[in-house]
Amino acid sequence: MRTFLLSIAFLNSVFSISQSQPIKIVDEKSNNRLALYAVNNTETDYDVLLSVKGTNFRQSQSKPRWTRIPATSKVLMKTLILFRGKEPKYTHQLKVNDSLSRRALKKPFTLIEVPPKMIEPKKQITIYSPSNCIKCDSLIGKLNTNLYIFREIKLNDQPEVKEQLQKSLAKTISLDSLETPIVNLGGHLFTWITDYETLVEQLNK
């Protein structure tokens with residue numbers, strides 16, 4: 001069993017995983033109205049407080065109230081009345097609280113379908129697939145099924161990566177003859193990880 005430490009920077013795939021806000025505000029225009037919805041894509045209930053400022057519209061002058069946004073739901077928060085022939089310009093301020101209050105306003109809501117949460121592994125995963133790889137599809141299929149965040153690079157589609165990867169491996173290993181994937185875990189190359197179970201075991205070490 002051999003492990004190779006990558007020295008080429010661009011082979012060490014770095015993913016920037018953005019941290020999603022629990023509540024997002026989306027707008028939907030209909031005739032002379034602009035509806036502002038709070039969308040909760042999480043499995044947690046929140047209370048939110050929304051205030052809106054801007055021009056070319058009018059809105060209710062009542063004081064904003066904390067409103068309950070149930071898990072995986074969409075709630076109408078505000079309706080702006082648009083001035084005819086004018087393009088609305090607005091900014092909003094949103095406060096989010098996971099400490100639920102009994103006083104929070106409870107409005108009608110619509111349940112939404114939320115994609116399953118992906119697993120961000122302890123080490124970044126990149127699968128390099130040689131042209132003759134007969135075990136790549138199985139490994140990649142298992143990673144997808146188990147919702148892991150990873151990257152696949154088909155070496156025939158990335159000649160520069162293929163060339164640099166070949167230089168990083170032992171001279172006795174020919175990429176064109178490999179029938180197994182090359183796995184990059186956090187900057188280390190593994191040529192002997194050929195199945196999902198072995199990859200997860202190595203990932204958790």
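Me: Let me start with leucine 147: where is its place?

Reply: Leucine 147 sits in the loop between α1 and β11. Those labels come from DSSP runs numbered from the N terminus: helices are H or I runs of at least four residues, and strands are E runs of at least two. Keep in mind that this is a predicted model, where local features need pLDDT of at least 70, side-chain atom pairs count only at pLDDT 80 or more, and totals for chains, interfaces and linings use all residues. Residues are numbered from 1 along each chain as its sequence is written, and side-chain values use heavy atoms, leaving out hydrogens and water.

Me: What is the phi of leucine 147?

Reply: Here's the general idea: most residues other than glycine have a negative phi. Leucine 147 has a positive one, near 65°. Another case is asparagine 31, with phi near 55°, in the loop between β2 (23-30) and β3.

Me: Are leucine 147 and asparagine 31 buried, partly exposed or exposed?

Reply: Go by relative accessible area, taken with a 1.4 Å probe on protein chains only: under 20% is buried, over 50% is exposed, and in between is partly exposed. Leucine 147 comes out at 26%, so it is partly exposed. Asparagine 31 has 72%, so that one is exposed.

Me: How much of the protein is buried?

Reply: Buried residues make up 38% of its 205 residues. As for secondary structure, you'll find three helices and 13 strands.

Me: Which residues of α3 are buried?

Reply: They are Tyr196, Leu199, Val200, Gln202 and Leu203. Their arc is only 165° around the axis, which puts them on the same side of α3. They pack against β10, α1, β12 and β13 (188-190). At the start of α3, a side-chain oxygen of aspartate 195 comes within 3.2 Å of the backbone nitrogen of glutamate 197.

Me: Which backbone oxygens does the side chain of asparagine 40 reach?

Reply: First, the rule: a polar contact is a pair of N or O atoms within 3.5 Å; within protein, one must be able to donate a hydrogen and the other to accept it, and residues adjacent in sequence count only if both atoms are side-chain atoms. Asparagine 40 is in strand β3 (residues 33-40), and at 0% relative accessibility it is buried. Its side chain reaches the backbone oxygen of isoleucine 69 at 3.2 Å, and a polar atom of that side chain lies 3.1 Å from the backbone oxygen of proline 70. Beyond its neighbours within four places in sequence, asparagine 40 has contacts that include Pro22, Tyr46, Thr72 and Ile112.

Me: Where is threonine 72 placed?

Reply: Threonine 72 is in the loop between β6 (67-69) and β7, and it is buried at 14% relative accessibility. Leaving out residues up to four places away, it touches Asn40, Thr42, Glu43, Thr110, Leu111, Ile112 and Val114.

Me: How far apart are the C-alpha atoms of cysteine 133 and glutamate 179?

Reply: They are separated by 3.9 Å, although the two residues are 46 apart along the chain. Cysteine 133 lies in the loop between β10 and α1, and at 17% relative accessible area it is buried. Across the protein, residues 24 or more positions apart account for 72% of the contacts with a separation of 6 or more.

Methods: Contact means heavy atoms within 4.5 Å. The arc is that of the directions from the helix axis to the C-beta atoms.
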